[in-house]
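This briefing covers a ligand shell, some helix packing and one annotated segment. Please look over the sequence and structure before reading on.

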Amino acid sequence: MSDARLLGPTADAHASLFAALVRWVDAGWLRELDRSFAAFLSRMAPEADPLVILAAAWASHQLGRGHSCLDLQAACQDAGLTLALPPEGLAFAATEEAPPDAPAMLLASVGFERWQAALDAAPLLVGTGQGSTPLVRVGTRLYLRRYWHYEQQVRQQVARRVSTRTAAAEEAALPLLAAALDALFDPAAGQRMDWQKAACALAARQAFSIITGGPGTGKTTTVVRLLAVLQYMAMAQGGRRLRIGLAAPTGKAAARLSESIAGAVQKLPLDRLPNVDAAGAEELRAAIPTSVGTVHRLLGSRPDTRRFRHDALNPLPLDLLVLDEASMLDLEMMANVLAALPEEAPLILLGDKDQLASVEAGAVLGDLCRRADAGHYTPQTAAWLRSATGQSIDDALLDPQGQPLDQAVAKLRVSWRFGADSGIGQLADAVNAGRSERVRDVLQSGFSDLRHLDPASDDAAFARLVVDGGDDDFAWRAKGRMVQGQPVPPPVGHGHYLQRMRDTQPPIDAPQAAFDGWAHGVLGALGGFQLLCALRRGPQGVEALNTRIARLLRARGLIEGDASGWYAGRPVMVTRNDYGLDLRNGDVGVTLAVPDRRGVASTGAAWRLRVAFAAPELPGGVRWVLPSRLRDVETVFAMTVHKSQGSEFSHAALLLPEQPSPVVTRELLYTGITRARHWFTLLASPQAVRAASERAVQRVGGL
Ligand SMILES: Nc1ncnc2c1ncn2[C@@H]1O[C@H](COP(=O)(O)OP(=O)(O)OP(=O)(O)O)[C@@H](O)[C@H]1O
């Protein structure tokens with residue numbers, strides 16, 4: 001099919017277009033959802049120029065790729081690149097059929113003006129926001145109405161909130177704020193800029209703020225001190241206690257934050273606050289929540305609807321909300337949160353702006369933090385910060401033209417987790433800066449926490465990595481390694497949790513609590529290692545690697561049973577929310593053999609497989625689910641970097657494909673590296689590393 005067939009608003013042209021769309025769907029290039037959306041519009045306006053229908057199909061396709069809209073101009077310039085078609089270098093050699101026409105062929109002689117004119121001539125389908133057209137065009141951007149609406153909501157709400165001053169920032173409250181900050185932050189810092197203290201002050205100032213920073217820069221530490229300061233001020237001023245909400249986009253991230261917040265709250269030196277005695281300190285400590293739930297649960301998700309129990313008409317009963325791992329927040333979720341949170345209740349986002357954005361449409365945190373590296377603080381903000389913290393912002397970060405949003409964003413710039421001797425920290429920095437030569441140097445510098453392997457390693461070398469954690473040299477270098485005065489556990493592979501599963505299994509007549517404790521330990525050990533991949537398909541994709549790893553583990557006798565079914569030790573990830581089972585997309589569980597107590601009375605207990613998921617809210621801390629009840633799960637010996645967001649592993653290994661792919665970007669590499677807490681192995685050719693460090697994601701959106 002050529003573009004000539006598209007250039008006439010005739011039934012024939014619609015039919016030719018749909019013939020092409022069907023081929024794309026069959027080839028896995030488009031989702032059926034994209035085609036049916038286009039078909040719906042074609043039925044709604046059979047006379048519409050087929051270019052409008054094509055634009056609709058592609059705008060919907062872009063949503064599936066995380067873009068909130070289609071950039072028409074970019075698509076005209078390079079449709080293949082803009083739409084990432086063919087996807088993930090999908091090979092056609094394997095099929096009998098010829099590949100479908102590439103998108104660029106459909107647009108070969110269609111310029112942006114022609115496309116724009118076609119859209120303007122379809123008022124039933126395309127508008128500028130008024131009315132109820134299914135598509136909205138803003139300049140060169142074409143949206144599905146719902147996403148245009150989310151973007152509008154987020155933009156307006158954020159703008160309103162960044163100009164709303166909190167009670168804590170009022171002139172009269174400033175001395176109390178300054179005294180509280182002085183009490184909780186290290187006075188030894190003196191005049192040196194302590195960005196944690198500054199972030200705390202900036203976040204206390206208006207009804208919306210962001211604290212961003214790389215791994216271990218102290219986001220949690222800072223926000224816990226901020227909560228203490230605000231709760232202290234509320235209580236000291238004779239008001240009622242603040243109702244504080246804490247949430248994260250996934251269950252895994254929520255569980256991790258619960259743990260680190262609880263630890264940080266315990267460490268707070270609250271008796272240093274003015275007029276707070278030991279009893280007062282404990283009262284204050286108890287008023288700082290440590291339990292973190294998912295955003296879905298906070299908003300009150302309801303089965304089979306996108307709507308939540310809490311919205312603008314039924315707002316959340318909160319005075320303050322903290323959302324962690326905000327890089328994973330998509331546009332729709334952010335719009336829902338902003339709608340449901342009372343306008344005067346501050347929203348504080350925590351996250352690493354440089355990480356990959358959510359799989360769903362919209363890179364909210366990245367977009368809102370686009371100017372964070374350079375600060376852009378106004379002289380007014382600098383003066384206010386001086387009175388609240390006694391610190392002066394570096395001139396390089398000042399900008400008299402700074403925007404209101406810039407004043408609400410603080411970037412933490414020092415990593416407390418990765419010291420100067422940490423290869424992981426240095427590698428992450430080099431990748432983030434897009435400096436491929438520096439990346440190469442770090443990889444060759446012999447840091448004890450880094451390993452760089454050839455991705456084409458044979459089975460024996462690959463097995464050493466995924467089963468044992470690496471070669472003897474890596475393990476040897478691990479000996480005696482300390483971080484922050486604590487010994488670091490050695491680098492492990494998947495053999496570690498499987499061995500623990502075997503070695504610590506309770507006897508069949510042990511009480512349930514023993515099995516809960518066992519599952520808890522195995523789930524913890526499972527976090528000791530993870531193989532991360534960029535792709536799903538192909539020989540270096542998740543699916544093929546899961547099969548390969550299962551084969552290696554079976555050969556070593558660490559797992560048994562049918563590879564295609566359920567077996568003890570199978571780690572699984574939930575791929576779709578299941579409200580009935582209270583499981584979320586991204587939750588990871590492990591299959592374990594536990595007693596089937598139903599037969600106890602007559603025949604004695606037998607072993608039966610159940611899948612254990614961490615559930616801190618349950619008394620035993622574990623949710624046990626029958627495998628047959630889990631519909632949308634996949635094995636996770638390997639997982640995509642996208643799916644690993646919000647998780648952390650003692651040892652992470654990242655495999656980059658040999659073939660260049662648009663999904664292998666700087667953000668993907670950075671996110672993969674920063675999943676590693678203590679050890680990182682990179683399986684990639686030097687060319688693949690260079691290509692990834694030099695390519696940054698361009699998410700299209702209008703925030
Ligand atoms: N100012 C500080 N002085 C000393 N240690 C600190 C300081 N800030 C943070 N830390 C320590 O550094 C570690 C990481 O801090 P924290 O968990 O707050 O960082 P984070 O940015 O939230 O990390 P993550 O990337 O896991 O989200 C913790 O052990 C914490 O106690």
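Are H21 and H25 roughly perpendicular or roughly parallel to each other? The model is predicted. Helix H21 (residues 459-468) packs against helix H25 (residues 542-555) at an angle of about 85°, and their axes are 10 Å apart. Angles from 65 to 115 degrees count as roughly perpendicular, so H21 and H25 are roughly perpendicular to each other.

**Packing of H21 and H25**
- On the H21 side, the residues that meet H25 are Asp459, Ala463, Val466 and Val467.
- Their partners in H25 are Ile549, Leu552 and Leu553.
- Sorted by class, this contact of H21 with H25 holds 6 nonpolar residues, no polar ones and 1 charged residue.

**Ligand shell**
- Residues surrounding the ligand include Gln196, Gly213, Pro215, Gly216, Thr217 and Gly218.
- Lys219, Thr220, Thr221, Ser260, Trp416 and Arg417 are also among the residues around the ligand.
- Helix H11 (residues 219-236) supplies the largest share of this shell, 3 residues.
- The shell is made up of 8 polar, 2 nonpolar and 2 charged residues.

**Packing of H11 and H12**
- The axes of H11 and helix H12 (residues 251-267) cross at roughly 55° and come within 9 Å.
- H11 and H12 are therefore oblique to each other.
- The crossing in which H11 passes H12 is right-handed.
- H11 contributes Thr220, Thr221 and Val224 to the contact, and H12 contributes Leu257, Ser260, Ile261, Ala264 and Val265.
- The contact of H11 with H12 has 5 nonpolar and 3 polar residues, with no charged ones.
- Thr220, Thr221 and Ser260 are in this helix contact and are also listed around the ligand.

**Packing of H20 and H29**
- Helix H20 (residues 436-444) and helix H29 (residues 686-694) have axes that come within 9 Å and cross at roughly 135°.
- That angle makes H20 oblique to H29.
- H20 passes H29 in a crossing that is right-handed.
- Ser436, Val439 and Arg440 of H20 make the contact with Pro686, Val689, Arg690, Ser693 and Glu694 of H29.
- By class, the residues in the contact of H20 with H29 are 3 nonpolar, 3 charged and 2 polar.

**Annotated segment**
- An unreviewed UniProt entry places the feature "domain: UvrD-like helicase C-terminal" at residues 636-682.
- Across residues 636-682 the chain is 36% strand and 26% helix.
- The end C-alpha atoms of residues 636-682 are 18 Å apart.

Conventions
Residues numbered from 1 in each chain as written. Predicted model: local features only at pLDDT ≥ 70, side-chain atom pairs only at ≥ 80, totals over all residues. UniProt positions renumbered as here; feature names shortened; annotations may be inferred. Helix = DSSP H or I, 4+ residues; strand = E, 2+ residues; numbered from the N terminus. Near = placed C-beta within 6 Å. Nonpolar A, V, L, I, M, F, W, Y, C, P; charged D, E, K, R; others polar. Axes fitted to C-alpha atoms, helices over the stretch in contact; angles between N-to-C directions. Parallel < 35°, antiparallel > 145°, perpendicular 65-115°, else oblique. Left-handed = near helix turned anticlockwise from the far one by under 90°. Contact = placed C-beta atoms within 7 Å.
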